[in-house]
Amino acid sequence: MARKPANEQGDTLKEIQTAAFRLFGRYGYDGVSMQKVAQAAGLTKAALYWHYENKDQLYIDCLRRLLQIIRAHVYTEALNTGSPSTRVTSLFSGVEDLMSDSQINAGVAGYWLDPSTSDLPEARKVITDFEGESTAILERLIRDGVQSGDFDPSIPVEDMARALHSIIETVVLPMRQQSPEEVRRHVNALSITFIRAYSKNPSMADNVLSFGQARAAGD
């Protein structure tokens, strides 16, 4: 088979990754075959195997893409925001922005399904590394909040970070079919609940509510 020009190879690779990303997000690793990916991308299996040796490699690439999308929306912005309280607030607004990303509008729950037809140690490592990175960021943000007097120091930082990580992770799964307004209201409610549970400063919840209202007015 003659090798395609570089620009055509790039286009084909993008088509494969886009099709596979959506399929794995809806059906998980076990529910997707290379034949299904090829059909969804409008390619032959031969063209698909030109770019990927096997399904494992393709799945791991798609998993990395999902985690990068979450990282960009949720964590990067929080690290670049001002005060400890606004950093935590921005985590929730980042989740709201994440839910508006067209890349995940077909669903991502499939990435939370444990594969039963393959061991996938590399995929587990990718997830473990991301969870470690995410928890470390959350611990840093919360610890800054404790030091500034915004959060209750009697509650272990690690526990608060794990609770917040669980909220961020699980909120993505059921909300993709909701309208932007519904997503905004629910994420805002979760953020206020979290702040009221852990904050020493009651006005922080009011600040979160005002922040959410300002974002809604700016849309």
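A residue is called buried when its relative accessible area is under 20%, exposed when that area is over 50%, and partly exposed in between, with a 1.4 Å probe and protein chains only. The structure is a predicted model, in which local features need pLDDT of at least 70 and side-chain atom pairs count only at pLDDT 80 or more, while totals for chains, interfaces and linings use all residues. Residues are numbered from 1 along each chain as its sequence is written, and side-chain values use heavy atoms, with hydrogens and water left out. Helices (H or I, at least four residues) and strands (E, at least two) are DSSP runs numbered from the N terminus.

A nonpolar core is understood here as a set of buried Ala, Val, Leu, Ile, Met, Phe, Trp, Tyr and Cys residues joined through side-chain atoms within 4.5 Å. The largest such core comprises 58 residues, and Phe24, Leu58, Tyr75 and Tyr111 have the most contacts inside it. At least two residues of this core come from each of helix H1 (6–27), helix H2 (34–41), helix H3 (45–51), H4, H5, H6, H7 and helix H8 (180–198). H4 supplies the largest share, twelve residues. Contact, in what follows, means heavy atoms within 4.5 Å. When residues up to four places away in sequence are not counted, Phe24 touches Tyr29, Val32, Lys55, Leu58, Tyr59, Cys62, Gly110 and Tyr111.

Arg26 is likewise a residue of interest, and its place is in helix H1. Arg26 is exposed, with a relative accessible area of 51%. Arg26 touches Ala106 and Gly107, again not counting residues up to four places away in sequence. The C-alpha atoms of Arg26 and Ile104 are 9.9 Å apart in space, although the two residues are 78 residues apart in sequence.

Helix H6 covers residues 121–148, 28 residues in total, and reaches 40 Å from its first C-alpha to its last. This is close to the expected 40 Å at 1.5 Å a residue, the expected span being 1.5 Å times one less than the number of residues. The buried residues of H6 are Ala123, Val126, Phe130, Ser134, Thr135, Ile137, Leu138, Glu139, Leu141, Ile142 and Gly145. These buried residues pack against helix H4 (55–79), helix H5 (84–99) and helix H7 (157–171). After H6 comes Gly149, whose phi is positive, near 90°.

Which side chains of opposite charge are paired? A salt bridge is defined as a side-chain nitrogen of Lys or Arg within 4 Å of a carboxyl oxygen of Asp or Glu. By this rule there are six salt bridges. One of them joins the side chains of Arg64 and Glu122, at 3.4 Å from N to O. Because Arg64 lies in helix H4 and Glu122 in helix H6, this pair ties together parts that are 58 residues apart in sequence. Arg64 is partly exposed at 41% relative accessibility, and Glu122 is partly exposed with a relative accessible area of 43%.

Two further salt bridges lie within single helices. Asp129 and Lys125 form one, their closest N and O atoms being 2.7 Å apart. Both residues are in helix H6, four residues apart, so about one helical turn separates them. Asp129 is partly exposed at 42%, whereas Lys125 counts as exposed at 51% relative accessibility. In helix H7, Arg162 and Asp159 are three residues apart, about one turn of the helix, and their side chains meet in a salt bridge of 3.7 Å, N to O.

Polar contacts complete the description. A polar contact is a pair of N or O atoms within 3.5 Å; within protein, one must be able to donate a hydrogen and the other to accept it, and residues adjacent in sequence count only if both atoms are side-chain atoms. The side chain of Glu133, in helix H6, makes such a contact of 2.9 Å with the side chain of Arg71. Glu133 counts as partly exposed, at 32% relative accessibility.

Asp101 is found in the loop between H5 and H6. Asp101 is buried yet has no salt bridge, and the nearest side chain of opposite charge, Arg65, is 7.2 Å away; in that assignment Lys and Arg count as positive and Asp and Glu as negative, while His and the chain ends are not counted. The side chain of Asp101 is instead joined to that of His73 by a polar contact of 2.7 Å.
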